[in-house]
Amino acid sequence: MFRKKQPPEKLTRTQALACIPVKGGHVQESRIESGEILLAYPDYKQPWLARLIRRLGSNENDGIRIKKLQLDALGTSVWELLDGRRSVQQVIDLFAQKYSLHPKEAEVSVSQFLRELGLRELIGLR
Amino acid sequence: MVSSNQTPLKEIAWNGIRFLAPEDWVPAQIGNHYLMLEHASAPLLEIKWGQIKGSFSHARHLRQISSRHNKSLGKTLRNWTLPADWQKSTGSFQAGGFQWQGPHFSGVGATLYCPVCRTATLIQFYQKNPDVDDAIALALLASFQDHRNDDQILWAAFDIKAWIPAYLKLWQHRFSAGYFELKFTSKAHTVTLTRWGPASILLSGRDLKGFAESVAPFPSSAPPPVFVENLKTMEWRFPQTAGRWSHLLNRIRIQPFLQQLRMWHLEEKNRILAVRVEGRRPLPPTVFDKICKGFGCV
C-alpha cells in the first residue's frame, strides 16, 4: 500500500518511432477558410472541480466544456498524415519529404508536435 | 561521395576543422571547439580541438585528458598504437592513438597535431556502436583538415554551408527546427547568417519583402530593397545620415546599426536564407557579396 509507485517504463527512441499515433475518437475536426484544421475536444475537469462549479451555479454542463485548437499549416499537414496505420517514423519521413526538411529537423518538430497533442489527449500511441 | 564500404559521405566543417562523415551522422552537440555526432540517438564520434602553445607531446596530452576524464566522466584512457592503415590515413599530422573505456561505451581514438597551424585534435570513436566500422574511421581521418591557406573558414552542418572570412569569429549559433542561425563577430561588425524553412509555408500569402519585414523590423526611414541578380534575392542597405553630428553619434552608439541585409529564396531547396550585417559602418561590398555567395544549402 505504501510502496513507492514504480515510474512507467520509458520507451526507447526506436520503440517510440515505431508507435502508431491514433486520433482520439472524441476529437472533432473541421477545416477553416484558410485550409487549416480546427480541432474541438471536450475538456473534462476534475470531478471535485465540476461539483464545485455546479454548486456555485455555473451554467457549464457537468463540468465539460469544449476546447478548440487551431493548427497551423505545418500542424495541419502532420494531422492529415495521422491515419491510424502510419508509424511515427513514417509520418516524419513523409513530412520531411513534403517540405524538403532535414531528417533530424523533421523528427524534432513532428515528435514535439505529437507530444503536444498527446498531452492534450488528442492522440494516443499504439 | 561514397566511402569504401559504399556509405555516402558528406562534409562536416566547424570552426576551422573539416572532414567527411556518413551522411546520416548528424551533430548532436555543437560547441565552439567541440562536435559530437550521432546516428539514431546513439553517439558515434566526438571531436575536440584547440590551439597548442609551446611544444606538443602525445603522451603528455593524453595524460592531461586522462586525468580530466577520470575525474569528470569516469572514462579511463590508455595508450594504443595506431594500426598502419590509420597511421597512413592521418597523412602529415603527428598522430597517436588511445583506447578509452567509459561506464556505457568504449572505443578508440586518435590525437592529431598539425605543426603548421599548431592545432591539436582529439577524435574519439564509439566502438561498441556497430555503425562505426574501420572503413568509415579511415575515410574520416584521411579527409580531416584543420586549416586552409586562404583565410576562409568553411562552416557546414546539417544542410547549411558557408564560407566566412577567418577574422570573423563565431559568437553564437542556434539550430532549432525551422530556424538555423550562425552569428559571427569582429571588432567592427556582426554578421548573422540565417536559414528558415520550409519556405513554401513561410511565404504563403506574402512575398519575400513581407517576410523580411516580419522577421527583421526595419527603421521607418528604411529605403526600399533592391533586387540582386534575380527577383528571388532582395537587398537592403541602410545608409547613415551624413554630417559631423551623425558621425559622432554613430561612434558613441552602443547598439550598432543594421547596415546591410540580403535575403533570398532557394526555391529548389524550399528555404529562405539571409545575411545580415550590423556595425558602425557597412562591410566592403566585395566581402559582403562573397559571404552571401558562399552561404547556401546542400
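This briefing describes the helices, strands, cores and backbone features of a predicted model. Because the model is predicted, local features need pLDDT of at least 70 and side-chain atom pairs count only at pLDDT 80 or more, while totals for chains, interfaces and linings use all residues. Residues are numbered from 1 along each chain as its sequence is written, and chains are lettered from A and ligands numbered from 1 in the order in which they are written.

**Chain B overall**

- Chain B has seven helices and 19 strands; helices (H or I, at least four residues) and strands (E, at least two) are DSSP runs, numbered from the N terminus.
- Of the 298 residues in chain B, 31% are buried. A residue is buried if 20 or more other C-beta atoms lie within 10 Å of its own, exposed if 12 or fewer, and partly exposed in between, with C-beta atoms placed from the backbone.
- For chain B contacts between residues at least 6 apart in sequence, 46% join residues at least 24 apart. Two residues are in contact if their C-beta atoms, placed from the backbone, lie within 7 Å.

**The sheet in chain B**

- Seven strands of chain B form an open sheet in the order E12-E13-E14-E18-E17-E16-E15, with antiparallel pairing; two strands pair if DSSP finds at least two bridges between them.
- Strands E12 (169-176) and E15 (226-227) of chain B are the edge strands, each pairing on one side only.
- Seven bridges join E12(B) to strand E13 (residues 179-185) of chain B in the antiparallel sense, and B:Arg174 has B:Glu181 in E13(B) as its bridge partner.
- Helix H7 (residues 285-294) of chain B packs on the sheet, where H7 touches strands E14 (189-196), E17 (257-266) and E18 (271-279) of chain B. The direction of H7 makes about 155 degrees with that of E18(B); axes are lines fitted to C-alpha atoms, for helices over the stretch in contact, and angles run from 0 to 180 degrees between N-to-C directions.

**Helices of chain A**

- Helix H4 (residues 88-98) of chain A has A:Val88, A:Val91, A:Ile92 and A:Phe95 buried. Down the axis of H4(A), these buried residues fall within an arc of 100 degrees, so they line one face of the helix; the arc is that of the directions from the helix axis to the C-beta atoms.
- The cover over the buried residues of H4(A) includes helix H1 (13-18), strand E1 (21-23), helix H3 (73-81) and helix H5 (103-119) of chain A.
- In H3(A), the buried residues are A:Leu74, A:Val78 and A:Trp79. They cover an arc of only 135 degrees around the axis, which puts them on the same side of H3(A).

**Nonpolar cores**

- The largest nonpolar core has 59 residues, of which B:Leu112, B:Leu140 and B:Met263 touch the most other members. A nonpolar core is a set of buried Ala, Val, Leu, Ile, Met, Phe, Trp, Tyr and Cys residues joined through C-beta atoms within 7 Å.
- A second, separate core of 18 residues includes A:Val88, A:Phe95, A:Leu117 and A:Leu122.

**Backbone features in loops**

- B:Gly197 and B:Pro198 are joined by a cis peptide bond, with omega about -10 degrees, and B:Pro198 is in the loop between E14 and helix H4 (199-202) of chain B.
- B:Asn270 has a positive phi, near 60 degrees. B:Asn270 lies in the loop between E17 and E18 of chain B and counts as buried, with 20 C-beta neighbours inside 10 Å.
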